[in-house]
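Visitor: Hi, I have a structure open here and would like a hand finding my way around. Could we go through it together?
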Amino acid sequence: MRGGSVFARLLGLGRAVVEGVTIEEDEVVVRARLRRRDVSRCGVCGRRAPGYDRGAGRRRWRALDLGATRAFVEAEAPRVSCREHGVVVARVPWARHGSWFTREFEDQAGWLASYCSKSAVCELMRISWLTVGRIIERVVADEQAKRGDRLAGLRRIGIDELSYRKGQRYITAVVCHDSGRLVWAADGRDKKTVARFFDELGKQRCSELELVSSDLGEWITRVVGERCPNATLCLDPFHIVSLASDALDEVRREVWNEARRSGDSAGARWLKGARWALWKRPERLSERQQAKLATIARVNRQLYRAYLLKEQLRIVFQEPDTAAAIALLEAWLAWARRCRIKSFVKLAKTISEHYAGIVATLTHRLSNARTEAVNTTLRLITRRAYGFHSADALIALAMLTVGGLRPALPGRPS
Ligand SMILES: [Zn+2]
């Protein structure tokens, strides 16, 4: 067909021959045929394989829109019999195996999913969020294969859990402290999952790990102790500080319940609204929140002390000088132990029990903003992933966004 190569180029069809173009109900349909050297290849491995049958006959793949018009590629989709993969649909150069979308369409959807909101991706690409989930799994698998071993050269890592489905399910995530990237993630939160990561890493590379950070969970710390002979275990500042936030919230809730019980509904409502003022870093408070905090300081000494305890613990991890940071931690412990606020006395006990791991954190200066940013992003991703069909799709979204596996946009260098 004249002008066929233009359409082949526009739709990312590679060497395929365009036989015709039609417009059907506001859709452009481009009929394509493979060149001889591209036909009869296994859809999985790409090796030559004898033909098996015609499969489902002709089928369509959604391509990137042409202008504002939806576009499809239509071609034969015969089956071949691969020595290794059995009877499978033959490969087409423009699409990933098992997909109803072209590679360029999927790359663009994946790129967008790592930057934009759910609704922006779905509206622009005109696909459902569930479909986005399936697409990014393929994109990530592809990028992973292209970029090779992602576990090479790891020295300092953090192991963390992420909850999804409203806290009913968990994935385990491994972040590299040096690159600030997510390097591994899997469904589950138990010793077995952590052990699986170390299995993949292999004995040699486990012994090269210098530092592993995590929360207080035994399911991580115990396996690290067993498998990483040369690593120092550090406790994540992120988690320690969030324990303090929880302790503070417990105090706020108690005060709130008291106000409610005593019939002070205005006071109760006011306290409920004070939550953000107590949670946020002081330097980020709005004027109104600052005023709220000042009122708390005046009318509720206990809640205000709990707030100061939380803030003081956060500052321990911001102190750049190790000796000074340890001194601050000591001072905090002394204060918290005799503060007579139940939740903070308890926290002081927990922190004493894990003292060595926290001092290791302060010594190795693990409190870096980059890892904290990854943690925050990962938590946002688990919320955005709501509506995906599987943990794998959630993991794929995380890998695209903070795992360095974002595909290049079609037609741009990666
Ligand atoms: Zn094969």
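Guide: Happy to, and please keep in mind that this is a predicted model. Let's start with Gly273, which lies in helix α9, residues 265–273.

Visitor: Okay, is Gly273 buried or exposed, and why?
Guide: Gly273 counts as exposed because it has 12 C-beta neighbours inside 10 Å, and a residue with 12 or fewer is classed that way.

Visitor: How far apart are Gly273 and Gln289 in space?
Guide: Their C-alpha atoms are 9.4 Å apart, while in sequence the two residues are 16 apart.

Visitor: Let's zoom out. Which domains is the chain divided into?
Guide: Domain 1 covers 1–99, domain 2 is made of 101–235 + 368–414, and domain 3 covers 237–363.

Visitor: How far apart are the C-alpha centres of domain 1 and domain 2?
Guide: Those two centres lie 32 Å apart. As for contacts, twelve residues of domain 1 meet eleven residues of domain 2.

Visitor: Which elements give two or more residues to the domain 1 side of that?
Guide: Those are β4 (58–66) and β5 (69–76). The largest share comes from β4, with four residues.

Visitor: And what sort of residues are on that side, nonpolar, polar or charged?
Guide: The domain 1 side that touches domain 2 has seven nonpolar, two polar and three charged residues.

Visitor: New topic: sheets. In what order do the strands of the five-stranded one run?
Guide: The order is β10-β9-β8-β11-β12, in an open sheet with mixed pairing. At the edges are β10 (181–187) and β12 (232–235), each of which pairs on one side only. Direction ignored, neighbouring strands of this sheet are turned against each other by 25° on average.

Visitor: In what sense do β8 and β11 pair, parallel or antiparallel?
Guide: Parallel: strand β8 (residues 156–164) and strand β11 (residues 211–214) share three bridges. If you want to click on one, Gly158 has Ser213 in β11 as its bridge partner.

Visitor: Which strands does α17 lie across?
Guide: Helix α17 lies across β8, β9 (169–176) and β10, and it runs at about 180° to β10.

Visitor: Let me pick Val174. Which residues is it in contact with, leaving aside neighbours within four places in sequence?
Guide: Val174 is in contact with Ile157, Ile159, Val183, Trp184, Ala185 and Phe197.

Visitor: Cys82 is one I'd like to follow up. Which face of β6 is it on, covered or uncovered?
Guide: Cys82 is on the covered face of strand β6 (residues 79–82), along with Val80. Arg79 and Ser81 make up the uncovered face.

Visitor: What does β6 pair with?
Guide: One partner is strand β3 (residues 51–53), in the antiparallel sense over two bridges. Another is strand β7 (residues 86–89), again antiparallel, over four bridges. A hairpin of three residues joins β6 to β7.

Visitor: Which residues are the bridge partners of Arg79?
Guide: Arg79 is the partner in β6 of Asp53, and in β7 its partner is Val89. Val80 has its own partner in β7, namely Val88.

Visitor: Last topic, backbone angles. What is phi for Asp26?
Guide: Asp26 has a positive phi of about 65°, although it is not a glycine. For background, most residues other than glycine have a negative phi.

Visitor: Where is Asp26 found?
Guide: Asp26 is in the loop between β1 (17–24) and β2 (27–33). Asp26 is classed as exposed because it has 8 other C-beta atoms within 10 Å.

Visitor: And what about Arg126, where is its place?
Guide: Arg126 sits in the loop between α3 (118–125) and α4 (129–147). Its phi is positive too, near 60°, in a residue other than glycine.

Visitor: Is Arg126 buried or exposed?
Guide: Arg126 is exposed, with 10 other C-beta atoms within 10 Å.

Conventions:
Residues are numbered from 1 along each chain as its sequence is written. This is a predicted model: local features need pLDDT of at least 70, side-chain atom pairs count only at pLDDT 80 or more; totals for chains, interfaces and linings use all residues. Two residues are in contact if their C-beta atoms, placed from the backbone, lie within 7 Å. A residue is buried if 20 or more other C-beta atoms lie within 10 Å of its own, exposed if 12 or fewer, and partly exposed in between; C-beta atoms are placed from the backbone. Two strands pair if DSSP finds at least two bridges between them. Axes are lines fitted to C-alpha atoms, for helices over the stretch in contact, and angles run from 0 to 180 degrees between N-to-C directions. Domain bounds come from an automatic or database domain assignment. Ala, Val, Leu, Ile, Met, Phe, Trp, Tyr, Cys and Pro count as nonpolar, Asp, Glu, Lys and Arg as charged, and the others, Gly among them, as polar.
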